[in-house]
Protein chains: 2
Amino acid sequence: MPASKRDHTVLFTPGPTEVAPDILREMGRPIIGHRGIEMQDLIRDLVPRLRGLFGTRGYDVFLTACSATGLWEAALRNCVTRRVLVPVCGAFSERFYEVAVACGLEADPLHVEWGKAVRAQAVADLLATGRYDAIALVHNETSTGVVNPLPEIAEAVRRQSDVLLLVDAVSSLGGIPVEVDRNDIDVCLASVQKCLALPPGFSVCAVSPRALERSARRVGKGYYFDFIRLKSCFDRSTPMATPSVSHMFALRAQMKRIETEGLDARYARHRAMADLTRAWAAGRLGLFAEERARSNTVTCVANTRGIDVARFVAGLVARGFGISNGYGRLKEATFRVGHMGDHTVEEIRDLLAAMDEVLKEMAA
Amino acid sequence: MPASKRDHTVLFTPGPTEVAPDILREMGRPIIGHRGIEMQDLIRDLVPRLRGLFGTRGYDVFLTACSATGLWEAALRNCVTRRVLVPVCGAFSERFYEVAVACGLEADPLHVEWGKAVRAQAVADLLATGRYDAIALVHNETSTGVVNPLPEIAEAVRRQSDVLLLVDAVSSLGGIPVEVDRNDIDVCLASVQKCLALPPGFSVCAVSPRALERSARRVGKGYYFDFIRLKSCFDRSTPMATPSVSHMFALRAQMKRIETEGLDARYARHRAMADLTRAWAAGRLGLFAEERARSNTVTCVANTRGIDVARFVAGLVARGFGISNGYGRLKEATFRVGHMGDHTVEEIRDLLAAMDEVLKEMAA
């Protein structure tokens, strides 16, 4: 069904994104006891599928009832013993840094101009000081539409043998290759309401043996996000605390859909949606992210013509399309289109046509 | 529809409990953006309703995408600056203590024989030492079917002016009076899969001004469960991190149902269901909890006849009823029936009749 024909505002926000009706139906399945065989079977089904999605053969995979903000805390508390470097290139990476500070950890931001990507060389130079034992990187910065060069940064990290690489793949996992094993990532975390197109409030992560070793030596790291406790439960295919069973039902159905499409096809579809959206923006307003770092899951459109972003967004809602204004201090300077999850090229065409209509209406 | 006629195992486990079909349908509603007006309206709708449920006029109420285990950590990290006393009378209160230790806090257990309730005098004596600035109490111990005498313990706590009272109301809120204001509770937390009869993976808490003052002075307490950050967001009716929107839809519908029934009627229904279950158990096997402390939401049946609990539970599943074996070391020594949430007296009668059938079958 075209987005414009649905009975609700269809979300092209850069998370949450629209959830397919059959996935929503999974959210409404009767609940099962989470200490029984059915839950073990569900976890045994999900973990290998998630390993495939993360691109890892052997890492532990944990499912947690929390948003990715919780897993930021998990990654940091479990893995930072000395000092963490946090490249900050937008609102979400800035918050990742704030979380480190809030956890009482020693942390330094590496500030990068918003709209620009983190440079691997800058990371390499700072890590070479020997001050850090972890780096916390946002792969795809949802606030600016920038995708950071993960393979190059990962390579710089690996030149420092004792630095753990903690990656927020919140708005990339399932839409842009993350490749946990190939990039030797130690903690890769994501929430499910972006490229996985599930309802929000649930997160997943993949954790390396090195990260688990580090975690085993950390004291005072808490309970709910303790990787060692999570591992001891997931090793028996049982959840650690009370899980969000509904999200797990929905995730199982979505993982099957993702596997049917195939990851490469999924990445190609995201790229095609992004190309269309970027072409639209370049021809009419502008693009906030520098050219070589434009995300395939979210486009941050630069408001070069000074349009009234709030009115533009409202005009789209009136047509049944939900997009987002700029994040934080970019509120009126940009707006953001999420082309992720289960959206199709055709739906993006519909959206862009509606965006043209609203622009025209506003110019009239 | 009688439980025995449904197409799935109907849960009489002491959490998760059975979720009504109309509540499950709410879980499957299309998602809304969580940074827009609709989410603000949803929070503005939910918070006063939750205040009514908690029995507080003015406390802050937070909704969090996590299980109650996460809120244990929240209560402890925000509120303990010196040392916390944790009465331990079962598996869940034992874990509350373990969470305190895992957070690196100074903590002492007050061990009480399993099946017995915490004595207010024992609490009073320990608090009088002046060693503690908080007490972490499980109101209703789901593993033993014991409800602790909250009003008496609360009174003992209030004789110590600087001790904060942190209450786990996980398996009592909505089934047994908690009365946050009347009992001068500082943090009252609960998950939603017990007496609120929602799908698991979501939690709520009410927090006193005193607890917020304490939190404001705590450093290193983290981000995801920081009461001060939660307050600053909920003051604007916005969620702090990405929320579980589906759970919030379901909670809104459930709060309306709870208000329609009325809290007093709801408590009376839980009492009636408990009376029936206790009478069944007393006449056939036995009751694990001491007489004056038997819970109205979960009955822990003492396996005085040495029946094969696993076989008994399986026999019930074959008839469409889910109950729980004993928890942890009580696995074969007890079994547990949850009579909570939206279950009715008639459904409990059906269940008890089925339990008789299975017992008879096993004796044959």
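I started at A:Glu179, which lies in the loop between strand 8 (164-168) and strand 9 (187-191) of chain A. Helices here are DSSP runs of H or I with at least four residues, strands are runs of E with at least two, and both are numbered from the N terminus. A:Glu179 is not a glycine, yet its phi is positive, about 55°. Most residues other than glycine have a negative phi, and most peptide bonds are trans.

Before going on, I noted that this is a predicted model, where local features need pLDDT of at least 70 and side-chain atom pairs count only at pLDDT 80 or more, while totals for chains, interfaces and linings use all residues. Residues are numbered from 1 along each chain as its sequence is written, chains are lettered from A and ligands numbered from 1 in the order in which they are written, and side-chain values use heavy atoms, with hydrogens and water left out.

Next I looked up the cis peptides. One joins A:Gly15 and A:Pro16, with omega about 0°. I found A:Pro16 in the loop between strand 1 (10-11) and helix 1 of chain A. In chain B, the bond from B:Gly15 to B:Pro16 is cis, with omega near 0°.

**Helices 9 and 10 of chain B**

How far apart are the axes of helix 9 and helix 10 of chain B? I get 6 Å, at an angle of about 85°, for helix 9 (245-261) against helix 10 (263-284). Axes are lines fitted to C-alpha atoms over the stretch in contact, and angles run from 0 to 180 degrees between N-to-C directions. So helix 9 of chain B is roughly perpendicular to helix 10 of chain B (65 to 115 degrees). Helix 9 of chain B brings B:Gln254, B:Ile258 and B:Glu261 to the contact, and helix 10 of chain B brings B:Leu263, B:Ala265, B:Arg266 and B:Arg269 (contact: heavy atoms within 4.5 Å).

**Chain A against chain B**

I read off 44 residues from chain A and 44 residues from chain B in the contact. Together they bury about 3,500 Å², 64% of it on carbon and sulfur atoms (accessible area lost on being put together, 1.4 Å probe, summed over both). A:Ile31, A:Tyr223 and A:Tyr224 supply 17% of what chain A buries against chain B, more than any other three residues. I looked for salt bridges across this interface and the count is 0 (side-chain nitrogen of Lys or Arg within 4 Å of a carboxyl oxygen of Asp or Glu).

Technical notes. Angles under 35 degrees count as roughly parallel, over 145 as roughly antiparallel, 65 to 115 as roughly perpendicular and the rest as oblique. Buried area is the accessible area (1.4 Å probe) that two parts lose on being put together, summed over both.
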